[in-house]
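Student: I should like to work through this structure step by step. May we begin with how its helices pack?

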Amino acid sequence: MKYLTTFVSLAALTAMAGIANAEDVNPAVIFDLGGKFDRSFNQASYEGAERFKEETGIDYREFELQSDAQREQALRKFARDGHNPVVVAGFSYGSAMETVAAEFPETDFAIIDMVVDLPNVRSVVFNEHEGSYLVGMLAAMASETGKVGFVGGMDIPLIRKFACGYVQGAKAANPDAEVFQNMTGSTGAAWNDPVKGGELAKSQIDRGADVIYHAAGGTGIGVLQAAADAGALGIGVDSNQNYIHPGQVLTSMLKRVDVAVYNAMMDVQEGNWSTGINVMGLAENGVGYAVDENNEELITPEMVEAVEAAKESIIAGDTVVHDYMKDDSCPVS
């Protein structure tokens, strides 16, 4: 009877601890420049937070940046107000995160697309080159001209990583494929310039490209629009963007930022929080490509078979996709 009482008491304490943990969850998410409805990277972050809210009934706070100067201010305010975890979407938060997370060691922080080596920070990074390889294959197989394009946002190693994976995939499907590449700019404004994105896409189309992949945030909306207007095919990124121009978006390279945000909030809520580097690639379903009612007629069974075989080969380690960020170079162009 004594042992039963002890067991019941421990069970009750465990249940109470679970309730306390849930009550301690007070999440916040800060989006990157471009706004939470950019239909790309930021929107994926928003959708992950919304999924957490719908499943748990726990609300969250959010903030949309208007300038780079607000990064540290927003992080510090949410931490000071007791929010936990505080999730930030974007590599540009690296410096601010290093400063603020050190000031609030009891707060759980998560940063996406950057590594911050602090004991209370979860750093989520993706194998974008793997997912880009797959959509590169699809682009080359769908192309009738043998010429495809890539439009990046801010010219940084991370976006070069997307581009390099894409070129490798295109060349794997068609060794003679020609790949045009352009970056939108060198500042944060490059993520939210759909007019320039459209201009860059049109210039590639004028050179013969009939499939164009973007990794440019809100700027990519202009890329997809220009491709659709010209009767070419676009390829979306981060979120599933197939719906933006049904029948004119070949596919979208899915980068599951939504899962990263959701997991960060849910892990704190469930008491499963962990820090360190969290890598999400093909093996972890962190990246992939989208097929739905908006593009299924564009993707043939032969294309799916080839891409799925490549996917399994990458996961098995038989096909190695070069990561641009390892040495700031790409073996193909």
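Tutor: We may, bearing in mind that this is a predicted model. The axes of helix α7 (residues 194–206) and helix α8 (residues 220–229) come within 7 Å and cross at roughly 40°.

Student: Which word describes the direction of α7 relative to α8?

Tutor: The angle between the two axes is roughly 40°. Angles under 35 degrees count as roughly parallel, and 65 to 115 as roughly perpendicular. The angle of α7 and α8 therefore makes α7 oblique to α8.

Student: How do the residues of the contact of α7 with α8 divide by class?

Tutor: Helix α7 contributes P194, G197, G198, A201, K202 and I205, while α8 contributes G222, V223, A226 and A227. The division is six nonpolar, three polar and one charged.

Student: Is α3 roughly parallel or roughly antiparallel to α4?

Tutor: Helix α3 (residues 70–80) packs against helix α4 (residues 94–103) with the axes 9 Å apart and at an angle of about 25°. Angles under 35 degrees count as roughly parallel. Hence the description of α3 relative to α4 is roughly parallel.

Student: How many charged residues has the contact of α3 with α4?

Tutor: On the side of α3 the contact is made by R71, E72, L75 and R76, and on the side of α4 by A96, M97, T99, V100 and E103. Asp, Glu, Lys and Arg count as charged. Beside four nonpolar residues and one polar residue, the contact of α3 with α4 has charged residues numbering four.

Student: What is the distance between the end C-alpha atoms of helix α9?

Tutor: Helix α9 covers residues 257–269, which are 13 residues. At 1.5 Å a residue they should span 18 Å. The distance between the end C-alpha atoms agrees with this, being 19 Å.

Student: How many of the residues of α9 are buried?

Tutor: A residue counts as buried when its relative accessible area is under 20%. Among the buried residues of α9 are V257, Y262, M266 and Q269. Helix α9 is mostly covered, and of its 13 residues the number buried is 12.

Student: Is R122 buried or exposed?

Tutor: R122 lies in strand β5 (residues 121–126). Its contacts beyond four places in sequence include N263, A264 and D267. Its relative accessibility is 3%, so R122 counts as buried.

Student: How far apart are the C-alpha atoms of R122 and G276?

Tutor: Along the chain, R122 and G276 are 154 residues apart. The separation of their C-alpha atoms is 5.1 Å.

Student: Is D238 buried or exposed?

Tutor: D238 is found in strand β9 (residues 233–238). Its phi is positive, about 65°, although D238 is not a glycine. Its relative accessible area is 8%, and D238 is therefore buried.

Student: What is the relative accessible area of R39?

Tutor: R39 has its place in the loop between β1 (28–31) and α2. Its phi is positive, near 60°, in a residue other than glycine. R39 is partly exposed, with a relative accessible area of 31%.

Student: Which residue does a cis peptide bond join to N84?

Tutor: The bond has an omega of about 0°. The residue in question is found in the loop between α3 and β3 (86–89). The residue joined to N84 is P85.

Conventions
Residues numbered from 1 in each chain as written. Predicted model: local features only at pLDDT ≥ 70, side-chain atom pairs only at ≥ 80, totals over all residues. Heavy atoms only, no water. Helix = DSSP H or I, 4+ residues; strand = E, 2+ residues; numbered from the N terminus. Expected span 1.5 Å × (residues − 1). Buried < 20%, exposed > 50% of the residue type's maximum accessible area, 1.4 Å probe, protein only. Axes fitted to C-alpha atoms, helices over the stretch in contact; angles between N-to-C directions. Parallel < 35°, antiparallel > 145°, perpendicular 65-115°, else oblique. Contact = heavy atoms within 4.5 Å.
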